[in-house]
Amino acid sequence: MAEKSLSFLVMTGFTFFLLELSLNPTVAKGYDDVNEGPAKESIEEITKPMNDMWYRRNGLQYVSQKQNGPIAGHYLKIDGTSVVAYALGTDPKSKLKVHSMLNNKLEKIVILESSNGGTALAINKADDTVFVKTLSKPLRSLTSLDQVKRVYPEILFKEVPREAGSEFFYLKSYLSGKRRILGFDKNGLPKNTSQEITDTLQTTNMQKSQTQAIILPFWTFTVLVTVLVGLFPALLYCIGEIVVLKSRFEQQQQTIEYLENVTAQIQRRTVGDDFSSSETQEAHQSFTKWKESEIQQMRQKRNTGTTKNDSCRCRRGSRGRKGRTGPKGDTGALGNTGPPGRDGQKGNMGERGEPGPPGQPGSMFQSTDSAHIVGYGEHINPPRVHRITNWRLGHITGSIKFVSNSFLVIGTTGYYFVYSQLFYYAGDTLLMGHYTYINEEPVMRSLSSVVSEERKYNTNYHGAVFLLKSGDKISVRIPFTKSYFMHKETSYFGAFLISPVLNTTTLVQPTNTSQDFP
């Protein structure tokens, strides 16, 4: 009975939770900004190029702000060749692909691409109207702001906050020549961008979608209310059964206490030999009458189904005298072995033994393979991502070789310490870095953030031990087309042999580490 009651209470609690869900719509947080997107990223996001400066997100929604605030039916969507702001939040075309980045002035630049891709929101520079631009070249292939400005300047917008710390903003065209602001009228149709005034008109306010209400249908609410009304009598019955069980438990406890007192009294009189046979018979008759009375009451309650608690109100008697100590029992079985004791104190050192026989003479392998390559040419600005060739020989020994002013070639198989350092010299970018390659696999990389145009100087060093075979090539490559300063004291790389490997048949192949690099 208790298990059925508990199961019913659990089911009732779950029903109340569903009822609460239907009466109070659950608010699901949307994509407030590009830093709070879905937990799972797309395959494109994982496999994007290392030099891609754009941050790309799918499924973002924009709401046009009217005088009454964000309301359903004012979501921005790109539908074919038209741009409107009267879509519902459930419209899949209102979920846009947003490409964003920060320029050198720390202004947020965005591109609003349609949900299906291939088209984007744009401003016609000739008449300042809003239109949908067909993208003949995919945005994925344009990895920097300058590339987009050369191909599609009309799709670039600045996201300008209404005031510091505000969640409201307006979209300003990145086109030069005049001020162009994206705005919509009360019917959700786009207005001429050159006629919008951001200080007075509310039609330019935009906001990213914050919430989406999930409301159960009315028939679900009706079914839940009907179930609750039907289960209410059963709930009352379960509560009554719990009260009855508690009463019976208390009654049984009192019965056990009375029996223990009577048993103890009989034992005391038997041991002390201070009672008569008439007293024993009287006590036995009293106990028999009480037991018969209790049994009769329990039968009446079972037959009539009453829930009244008729428990006996008895007082505990005085504590009796302590009985005599009984005879000693038999010896018990052997117990389990106890835990080990503490260690004893350390003894004195023994006498020194006799020296052993001399061992066989050892062998010595003297490793001389090493090379240190330094930079020259001072300031360089490479035209593309490539392997650096502005190197000259610092020193080289052993079988290692320096080839084509570009890379080192290993002569002896063994464990080498490989290192490299570059002096970064660019202030018009966000990141600078360099990679160290073994053959065509990157094994180490360094990245640094550029603070400002004035604080653009930085050096990064890295090094590690690698198992290299004869013929392996070591080179340094740069992932960004920016400026570097090649000087022998600040830009260099090299390697030196730590331990040769004579038995090449037992070599352990190194794990491919290219998958660890973005």
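Of the 518 residues that make up the protein chain, 33% count as buried. The model is predicted, and the mean pLDDT of the protein chain is 77. The protein chain contains 5 helices and 26 strands.

**Overall build**
- Among contacts between residues at least 6 apart in sequence, 64% join residues at least 24 apart.

**Strand 7 and its partners**
- Strand 7 covers residues 108-113, and because 5 of its 6 residues are buried, this strand is largely enclosed by the rest of the structure.
- Strand 6 (residues 96-102) pairs with strand 7 in the antiparallel sense, over 6 bridges.
- Within this pairing, Ile109 of strand 7 is the bridge partner of Met101.
- A hairpin is formed by strand 6 and strand 7, with 5 residues between them. In the turn, Leu106 has a positive phi of about 60 degrees.
- Strand 7 also pairs with strand 10 (residues 157-161), in the antiparallel sense and over 2 bridges.
- Here, Phe157 in strand 10 is the bridge partner of Val110.

**Confidence**
- A pLDDT of 70 or more is reached by 73% of the residues of the protein chain.
- Over residues 17-48, pLDDT stays under 50, and the model has 55 contacts beyond four places in sequence for this stretch.
- Residues 210-215 likewise stay under 50 in pLDDT, and the model has 19 contacts beyond four places in sequence for them.
- Where pLDDT is low, predicted coordinates should not be read in detail.

Methods: Residues numbered from 1 in each chain as written. Predicted model: local features only at pLDDT ≥ 70, side-chain atom pairs only at ≥ 80, totals over all residues. Heavy atoms only, no water. pLDDT = per-residue confidence, 0-100. Contact = heavy atoms within 4.5 Å. Buried < 20%, exposed > 50% of the residue type's maximum accessible area, 1.4 Å probe, protein only. Helix = DSSP H or I, 4+ residues; strand = E, 2+ residues; numbered from the N terminus. Pairing = 2+ DSSP bridges.
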